Amino acid sequence: MQALGLIEVVGLAAGFEAADVACKSANVDLVGYELAKGGGFVTIKVLGQVGAVSAAIDAAAVAAAKINRVVSKLVIPRPNDQIEPLVGNKLTRGWTAPTPPPEPEPVPTAVLDSDVTEVVEDTPQNTADEQSAAPKTRPATTARKTAAAKATTGRK
(Lines give C-alpha, C1' and ligand atoms only; values in the text may rest on other atoms or scores of the structure.)
Protein backbone atom coordinates (compact mmCIF):
# COMPACT_ATOMS: atom_id res chain seq x y z
CA MET A 1 0.00 0.00 0.00
CA GLN A 2 1.29 3.41 -0.89
CA ALA A 3 -1.23 5.50 1.07
CA LEU A 4 -4.45 4.90 2.95
CA GLY A 5 -7.14 7.54 3.21
CA LEU A 6 -10.06 7.51 5.64
CA ILE A 7 -12.93 9.92 5.98
CA GLU A 8 -15.61 9.49 8.62
CA VAL A 9 -18.96 11.17 8.14
CA VAL A 10 -22.42 11.07 9.72
CA GLY A 11 -24.99 9.31 7.53
CA LEU A 12 -24.84 6.89 4.65
CA ALA A 13 -25.80 9.51 2.06
CA ALA A 14 -22.87 11.70 3.07
CA GLY A 15 -20.65 8.61 2.96
CA PHE A 16 -21.71 7.76 -0.57
CA GLU A 17 -21.17 11.35 -1.65
CA ALA A 18 -17.69 11.32 -0.10
CA ALA A 19 -16.83 8.02 -1.84
CA ASP A 20 -18.11 9.27 -5.18
CA VAL A 21 -16.21 12.55 -5.05
CA ALA A 22 -13.03 10.85 -3.80
CA CYS A 23 -13.01 8.41 -6.71
CA LYS A 24 -13.86 11.07 -9.30
CA SER A 25 -11.39 13.69 -8.08
CA ALA A 26 -8.21 11.60 -7.99
CA ASN A 27 -6.76 8.29 -9.13
CA VAL A 28 -7.61 6.24 -6.02
CA ASP A 29 -9.11 2.82 -5.42
CA LEU A 30 -12.18 2.61 -3.23
CA VAL A 31 -11.74 -0.15 -0.65
CA GLY A 32 -15.25 0.19 0.73
CA TYR A 33 -17.16 1.65 3.62
CA GLU A 34 -17.61 0.58 7.21
CA LEU A 35 -20.60 1.35 9.41
CA ALA A 36 -19.92 2.24 13.03
CA LYS A 37 -22.25 0.99 15.73
CA GLY A 38 -24.34 3.88 16.98
CA GLY A 39 -24.16 7.51 15.95
CA GLY A 40 -24.68 6.77 12.25
CA PHE A 41 -20.97 7.12 11.46
CA VAL A 42 -19.73 5.85 8.10
CA THR A 43 -16.02 5.46 7.32
CA ILE A 44 -14.92 5.53 3.68
CA LYS A 45 -11.56 3.89 2.83
CA VAL A 46 -9.44 4.62 -0.26
CA LEU A 47 -5.97 3.52 -1.41
CA GLY A 48 -3.53 5.04 -3.89
CA GLN A 49 -0.53 7.32 -4.28
CA VAL A 50 0.05 9.76 -1.42
CA GLY A 51 -0.80 12.92 -3.38
CA ALA A 52 -3.87 11.37 -5.00
CA VAL A 53 -5.22 10.06 -1.69
CA SER A 54 -4.65 13.43 0.01
CA ALA A 55 -6.48 15.27 -2.80
CA ALA A 56 -9.32 12.73 -2.81
CA ILE A 57 -9.88 12.93 0.95
CA ASP A 58 -9.84 16.75 0.91
CA ALA A 59 -12.38 16.87 -1.96
CA ALA A 60 -14.53 14.22 -0.26
CA ALA A 61 -14.56 16.22 2.98
CA VAL A 62 -15.77 19.36 1.20
CA ALA A 63 -18.53 17.46 -0.63
CA ALA A 64 -19.69 15.47 2.42
CA ALA A 65 -19.80 18.63 4.57
CA LYS A 66 -22.52 19.98 2.24
CA ILE A 67 -24.75 17.01 3.13
CA ASN A 68 -23.94 16.28 6.76
CA ARG A 69 -21.17 16.54 9.33
CA VAL A 70 -17.61 15.33 8.64
CA VAL A 71 -16.35 13.73 11.84
CA SER A 72 -12.72 13.16 10.85
CA LYS A 73 -10.36 12.57 7.97
CA LEU A 74 -6.96 10.90 7.85
CA VAL A 75 -4.25 10.12 5.28
CA ILE A 76 -1.56 7.60 6.21
CA PRO A 77 1.38 7.62 3.78
CA ARG A 78 3.15 4.24 3.49
CA PRO A 79 1.15 2.42 6.20
CA ASN A 80 2.80 -0.50 7.94
CA ASP A 81 1.94 -3.99 6.64
CA GLN A 82 0.33 -4.81 9.98
CA ILE A 83 -2.40 -2.24 9.20
CA GLU A 84 -3.59 -4.18 6.13
CA PRO A 85 -5.91 -6.58 8.03
CA LEU A 86 -7.66 -3.52 9.51
CA VAL A 87 -8.24 -1.96 6.09
CA GLY A 88 -10.00 -4.86 4.43
CA ASN A 89 -11.87 -6.79 7.09
CA LYS A 90 -15.23 -8.58 7.24
CA LEU A 91 -16.98 -5.37 8.36
CA THR A 92 -15.83 -3.41 5.30
CA ARG A 93 -18.70 -3.34 2.79
CA GLY A 94 -17.74 -3.48 -0.85
CA TRP A 95 -14.39 -5.11 -0.14
CA THR A 96 -13.69 -8.61 -1.39
CA ALA A 97 -10.81 -10.66 -0.07
CA PRO A 98 -8.16 -11.39 -2.69
CA THR A 99 -8.30 -14.97 -3.88
CA PRO A 100 -5.10 -16.88 -4.50
CA PRO A 101 -4.50 -17.97 -8.08
CA PRO A 102 -5.75 -21.50 -8.83
CA GLU A 103 -3.26 -24.32 -8.58
CA PRO A 104 -2.19 -25.64 -11.98
CA GLU A 105 -3.30 -29.20 -12.63
CA PRO A 106 -0.47 -31.69 -12.27
CA VAL A 107 0.93 -33.10 -15.48
CA PRO A 108 0.81 -36.90 -15.52
CA THR A 109 4.33 -38.31 -15.49
CA ALA A 110 3.50 -41.99 -15.80
CA VAL A 111 1.12 -43.72 -18.16
CA LEU A 112 -1.22 -46.31 -16.69
CA ASP A 113 -0.69 -49.95 -17.67
CA SER A 114 -4.24 -50.23 -18.99
CA ASP A 115 -3.57 -47.44 -21.49
CA VAL A 116 -0.43 -48.99 -22.98
CA THR A 117 -0.37 -51.74 -25.55
CA GLU A 118 2.78 -53.27 -26.99
CA VAL A 119 3.29 -55.12 -30.23
CA VAL A 120 4.32 -58.71 -29.63
CA GLU A 121 6.08 -60.71 -32.35
CA ASP A 122 4.55 -63.96 -33.52
CA THR A 123 5.76 -67.02 -31.70
CA PRO A 124 6.99 -70.16 -33.53
CA GLN A 125 3.84 -72.09 -32.49
CA ASN A 126 1.71 -70.01 -34.89
CA THR A 127 0.60 -71.52 -38.18
CA ALA A 128 1.64 -70.11 -41.54
CA ASP A 129 -1.64 -68.20 -41.92
CA GLU A 130 -1.21 -66.50 -38.58
CA GLN A 131 2.45 -65.64 -39.33
CA SER A 132 1.49 -63.80 -42.51
CA ALA A 133 -1.09 -61.74 -40.64
CA ALA A 134 -0.21 -58.41 -38.98
CA PRO A 135 1.43 -58.57 -35.56
CA LYS A 136 -1.00 -58.95 -32.70
CA THR A 137 -1.30 -56.47 -29.86
CA ARG A 138 -1.74 -57.40 -26.24
CA PRO A 139 -2.19 -55.30 -23.13
CA ALA A 140 1.10 -54.21 -21.60
CA THR A 141 0.75 -56.54 -18.60
CA THR A 142 0.42 -59.58 -20.89
CA ALA A 143 3.32 -58.34 -23.01
CA ARG A 144 5.50 -57.98 -19.90
CA LYS A 145 4.62 -61.50 -18.75
CA THR A 146 5.49 -62.80 -22.22
CA ALA A 147 8.77 -60.85 -22.20
CA ALA A 148 9.59 -62.15 -18.72
CA ALA A 149 8.86 -65.74 -19.79
CA LYS A 150 11.09 -65.37 -22.86
CA ALA A 151 13.88 -63.94 -20.71
CA THR A 152 13.80 -66.91 -18.31
CA THR A 153 13.76 -69.51 -21.12
CA GLY A 154 16.48 -67.76 -23.09
CA ARG A 155 14.30 -67.27 -26.18
CA LYS A 156 14.27 -64.05 -28.14
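How many residues of the lining of the largest pocket are nonpolar, polar and charged? The lining divides into 7 nonpolar, 1 polar and 2 charged residues. Here Ala, Val, Leu, Ile, Met, Phe, Trp, Tyr, Cys and Pro count as nonpolar, Asp, Glu, Lys and Arg as charged, and the others, Gly among them, as polar.

The model is predicted: local features need pLDDT of at least 70, side-chain atom pairs count only at pLDDT 80 or more, and totals for chains, interfaces and linings use all residues. Residues are numbered from 1 along each chain as its sequence is written, and side-chain values use heavy atoms, with hydrogens and water left out.

**View 1. The whole chain.** The chain has 5 helices and 6 strands, and from the N terminus on they run β-α-β-β-α-β-α-β-α-β-α. Helices (H or I, at least four residues) and strands (E, at least two) are DSSP runs, numbered from the N terminus. Of the 156 residues, 28% are buried; buried means under 20% relative accessible area, exposed over 50%, and partly exposed in between, with a 1.4 Å probe and protein chains only. Among contacts (heavy atoms within 4.5 Å) between residues at least 6 apart in sequence, 67% join residues at least 24 apart.

**View 2. The largest pocket.** This pocket has a volume of about 150 Å³. Its lining consists of Leu4, Leu6, Glu34, Leu35, Ala36, Thr43, Lys45, Ile83, Leu86 and Val87. Two or more lining residues come from each of strand 1 (3–10), strand 2 (28–35), strand 3 (41–48) and helix 3 (84–87). On a 1 Å grid over the protein atoms alone, a pocket is an open set of points where a 1.4 Å probe fits, with protein on both sides within 12 Å along at least five of seven lines; lining residues have an atom within 4 Å of a point. Grid points are joined across faces, edges and corners, and a volume is the space filled by probe spheres set on the points.

**View 3. Gly32.** Gly32 lies in strand 2 and is buried, with a relative accessible area of 5%. Not counting residues up to four places away in sequence, Gly32 touches Thr43, Ile44, Lys45, Thr92 and Arg93. Val87 is 55 residues from Gly32 along the chain, and their C-alpha atoms are separated by 9.1 Å.

**View 4. The largest nonpolar core.** A nonpolar core is a set of buried Ala, Val, Leu, Ile, Met, Phe, Trp, Tyr and Cys residues joined through side-chain atoms within 4.5 Å. The largest one has 20 residues, and those with the most contacts inside it are Ile7, Val9, Ala18, Val28, Ile44, Val46 and Val53. Helix 2 gives the most to this core, with 7 residues. Leaving aside neighbours within four places in sequence, Val28 is in contact with Ala22, Cys23, Val46, Leu47, Ala52, Val53 and Ala56.

**View 5. Helix 1 and helix 2.** In helix 1, Ala14, Gly15, Ala18, Ala19, Val21 and Ala22 are buried, and their cover includes strand 1, strand 2, strand 3 and helix 2 (50–65). The buried residues of helix 2 are Ala52, Val53, Ala56, Ile57, Ala60, Ala61, Ala63 and Ala64. An α-helix has 3.6 residues a turn, so residues three or four places apart point the same way.

**View 6. Arg78.** Arg78 is found in the loop between strand 4 and helix 3. Its phi is near 45°, a positive value in a residue other than glycine. At 71% relative accessibility, Arg78 counts as exposed.
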